[in-house]
Amino acid sequence: LREMCSLFCFSADIISTVEFNYSGELLATGDKGGRVVIFQHEQESKNRPHLRGEYNVYSTFQSHEPEFDYLKSLEIEEKINKIRWLPQQNAAHFLLSTNDKTIKLWKISERDKRAEGYNLKDEDGRLLDPFRITSLRVPVLLPMDLMVEASPRRIFANAHTYHINSISVNSDHETYLSADDLRINLWHLEITDRSFNIVDIKPANMEELTEVITAAECHPHQCNVFVYSSSKGTIRLCDMRAAALCDRHSKFFEEPEDPSSRSFFSEIISSISDVKFSHSGRYMMTRDYLSVKVWDLNMENRPVETYQVHEYLRSKLCSLYENDCIFDKFECCWNGSDSAIMTGSYNNFFRMFDRNTRRDITLEASRESSKPRATLKPRKVSTGGKRKKDEISVDSLDFNKKILHTAWHPKDNVIAVAATNNLYIFQDKIN
């Protein structure tokens with residue numbers, strides 16, 4: 001892999017989400033400051049083939065502002081929790097962005113022409129006296145410098161009591177779902193004043209609450225099917241054809257726990273932080289604290305593949321609990337052909353697993369270890385005994401440096417990795 005993008009860094013703004021659009025031409029990031037930055041893929045030239053993975057800033061806009069809920073005396077922060085692109089239908093691009101409470105639909109469009117020669121306005125835009133107009137002019141379009149405009153087309157608000165953790169666009173491209181800790185709502189992209197509640201796990205008595213919803217996603221091909229994961233490590237697949245309220249799931253995915261390995265931290269580390277369908281729709285992938293699991297939708301009792309992300313941290317769970325790192329929510333992603341998966345770890349490490357060969361690799365995204373167009377070297381963590389030259393001791397890992405958000409180009413071997421407030425883009429090596 002080679003790093004093909006200069007570091008994108010704000011001093012205080014931590015990147016909170018990363019997402020490629022359907023073609024991979026655009027890459028959007030959201031940060032804790034409520035901003036969305038969109039990068040555009042540079043066209044490849046014959047003279048400079050190394051530019052294949054080059055992305056440059058295309059548009060930046062403020063998506064959300066901090067708000068205050070006066071009824072609950074609660075501050076609503078502007079942090080962007082999720083960004084989801086809609087499939088492109090015309091020259092403009094559309095994306096959904098959400099903070100804890102409000103979802104917005106944004107239109108990103110280009111303008112490279114301006115109209116001149118109005119009859120009722122002068123060149124500065126001031127209205128003219130109609131009685132002084134003696135001739136009729138036909139306005140003309142003149143070229144101008146390219147301008148990228150971001151405008152909010154819809155605002156979906158006041159539907160979530162708890163913090164929104166997921167949004168997912170349905171395969172019908174007309175509806176999408178949004179999930180918070182206890183409820184999932186179904187929206188139509190054209191209707192902002194109402195949504196349908198399709199999952200509600202809130203008990204009558206909140207003292208009886210045993211689990212919360214951690215992530216939700218629509219099936220990539222069947223618009224009636226969606227899944228949601230829970231803090232208990234379970235995944236429920238629901239079919240909206242069965243009932244309007246999907247409290248009764250169609251399938252229930254759970255791996256039996258090994259009683260011999262049970263500990264005080266078992267329930268915390270089994271909580272699922274992300275769930276993603278494969279592009280084919282046959283599999284889904286879940287990420288818990290220590291591992292990534294791949295499930296076949298036809299087999300509910302156990303995953304077909306399990307990949308250990310950082311098993312060497314099992315002995316460090318006590319200190320990770322004390323510094324709250326055990327509650328970190330790592331995301332995971334598929335490559336375009338579903339043959340490989342990627343997820344993040346600590347010390348700015350990220351892990352990649354090849355599903356065909358079962359080989360895995362640990363790479364580091366940091367300024368010290370990578371320079372533009374330099375080949376990344378695999379990293380290894382020493383778990384004890386004699387440490388080799390290129391290995392890093394598990395006691396030396398920096399838990400403040402963590403890669404929670406990753407994205408994989410839908411067609412090419414280009415990946416985006418968010419390391420706190422830096423964005424790295426890597427591509428496979430060109431011979």
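Start by selecting β4 and strand β5 (residues 35–41): five bridges join these two, and they run antiparallel. A strand here is a DSSP run of E, at least two residues long, numbered from the N terminus. Two strands pair if DSSP finds at least two bridges between them.

Before going on, note that this is a predicted model: local features need pLDDT of at least 70, side-chain atom pairs count only at pLDDT 80 or more, and totals for chains, interfaces and linings use all residues. Residues are numbered from 1 along each chain as its sequence is written, and side-chain values use heavy atoms, with hydrogens and water left out.

**Stop 1: β4 and its partners**

Stay with β4 and β5. Pick Gly30, then find its bridge partner in β5, Val36. Now click through the hairpin of β4 and β5, which has three residues between the strands. There, Gly34 takes a positive phi near 80°.

β3 and β4 pair in the antiparallel sense, over five bridges. Select Val18, whose bridge partner in β4 is Thr29. The hairpin of β3 and β4 has five residues between the strands. In this hairpin, Gly24 takes a positive phi near 85°.

Is strand β4 buried or exposed? Six of the six residues of β4 (residues 26–31) are buried, so the strand is largely enclosed by the rest of the structure. Buried means under 20% relative accessible area, exposed over 50%, and partly exposed in between (1.4 Å probe, protein chains only). Show the side chains. Leu26, Ala28 and Gly30 point one way from β4. Leu27, Thr29 and Asp31 point the other way, and all are buried.

**Stop 2: a four-strand sheet**

Select β9 to β12. They form an open sheet in the order β9-β10-β11-β12, with antiparallel pairing. β9 and β12 (140–156) stand at the edges, each with a single partner strand, so one side of each is left without a neighbour in the sheet. The twist averages 25° from one strand to the next. For that angle, axes are lines fitted to C-alpha atoms (for helices over the stretch in contact), and angles run from 0 to 180 degrees between N-to-C directions.

Zoom in on strand β10 (residues 93–98) and strand β11 (residues 103–116). Six bridges join them, and they run antiparallel. Pick Leu95; its bridge partner in β11 is Trp106.

**Stop 3: His64**

Select His64, in the loop between β6 (55–62) and β7 (67–69). At 1% relative accessibility, His64 counts as buried. What does its side chain reach? The side chain of His64 reaches the backbone oxygen of Thr102 at 2.8 Å.

**Stop 4: β23**

Move to strand β23 (residues 291–296). Six of its six residues are buried, so β23 is largely enclosed by the rest of the structure. Both faces are covered. Ser291, Lys293 and Trp295 are on one side, with Val292, Val294 and Asp296 on the other.

β22 and β23 form a hairpin with three residues between them. Find Met284, then its bridge partner in β23, Trp295.

Four bridges join β23 to β24, and the two run antiparallel. Ser291 has Gln308 as its bridge partner in β24.

**Stop 5: the cavity**

On a 1 Å grid over the protein atoms alone, a cavity is a set of points where a 1.4 Å probe fits but cannot get out. A pocket is an open set with protein on both sides within 12 Å along at least five of seven lines, and lining residues have an atom within 4 Å of a point. Grid points are joined across faces, edges and corners, and a volume is the space filled by probe spheres set on the points.

The structure holds one cavity of 30 Å³ or more. About 50 Å³ of space lies in the largest cavity. Select its lining: Lys82, Arg84, Ser166, Ile167, Ala215, Ala216, Glu217, Asp274, Val275 and Lys276.

**Stop 6**

The largest pocket has a volume of about 1,100 Å³. Of the 38 residues that line it, the closest to its centre are Lys79, Phe327, Asp328, Lys329 and Leu404.

Finish at the second largest pocket, with about 790 Å³ of space. Its lining has 30 residues, of which Glu19, Tyr22, Glu217, Phe277 and His279 lie nearest its centre. β3 gives the most to this lining, with four residues.

Key
A polar contact is a pair of N or O atoms within 3.5 Å; within protein, one must be able to donate a hydrogen and the other to accept it, and residues adjacent in sequence count only if both atoms are side-chain atoms.
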